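Here's a quick walk through a protein model, from its overall make-up down to single residues. Keep the viewer open as you read.

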Amino acid sequence: MKLALVLIASTAVLGVGILTPAQAQTKEVSFKKDVTPVLKKYCYNCHAGEKSSHGLKVDNYDNIMKGSKYSKVVKPEKSAESVIIRSVKNQPGGTKMPPGRRSVSESEIKIIADWIDQGAKNN
Ligand code: HEC
């Protein structure tokens, strides 16, 4: 009986935790936890460490915000205008990235786009 009460009580606590208004809104995307793994998976081969195709490195926050030799690739709060999004979506104003047949999935593109639209924070 005591155990059952403990279980009910902890379920209630967890339930309240899940339903707090802050968490019910769009989840805040973290550059480190959410965006970095996507970039690592698709981009580090050519845009990290010693490799900086087009002068662009995406291996840390400062480098991605610095952009390429020619332009910035992230426009905070404006994912649709950001060259990085145009490139992974293979749209005009970008160059298909990664080059070749492989493409970043819709859900992974959304992670990068949400991060930009939330202000491209160093979080
Ligand atoms: C196989 C190597 C390779 C991979 C992998 C790769 N890139 Fe590139 N990237 C390049 C090269 C080469 C250029 C210069 C392309 C050009 O000018 O035609 C470039 C250019 C770019 C540019 C500048 C485009 C422009 O039009 O100004 C962006 C932004 C970019 N890459 C982002 C990415 C992102 C994001 C990823 C991962 C999703 C990625 N790249 C993966 C090789 C790569």
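## Overall make-up

How many helices and strands does the secondary structure of the protein come to? This is a predicted model, and its count is 7 helices and 0 strands. Reading from the N terminus, the elements go α-α-α-α-α-α-α.

As for contacts, take the ones between residues at least 6 apart in sequence: 47% of those join residues at least 24 apart.

## Surface and burial

The protein has 123 residues, and 31% of them are buried.

## The largest nonpolar core

In soluble globular proteins, nonpolar side chains tend to be buried together. Here, the largest nonpolar core has 26 residues. L39, I64, V74, I84 and W115 are the ones with the most contacts inside this core. Two or more residues each come from α3 (31-42), α5 (61-66), α6 (83-88) and α7 (106-117).

Zoom in on I84 and you'll find it touching L39, I64, V73, V74 and I116, leaving aside residues up to four places away in sequence. Of these partners, L39, I64 and V74 also sit on the list of residues with the most contacts inside the core.

## A look at T36

Helix α3 also holds T36. Is T36 buried or exposed? T36 counts as buried because its relative accessibility is 18%, and the cut-off for buried is under 20%. Setting aside residues up to four places away in sequence, T36 touches F31 and Y44.

How values were computed
Residues numbered from 1 in each chain as written. Predicted model: local features only at pLDDT ≥ 70, side-chain atom pairs only at ≥ 80, totals over all residues. Heavy atoms only, no water. Helix = DSSP H or I, 4+ residues; strand = E, 2+ residues; numbered from the N terminus. Buried < 20%, exposed > 50% of the residue type's maximum accessible area, 1.4 Å probe, protein only. Contact = heavy atoms within 4.5 Å. Core = buried A, V, L, I, M, F, W, Y, C linked by side-chain atoms within 4.5 Å.
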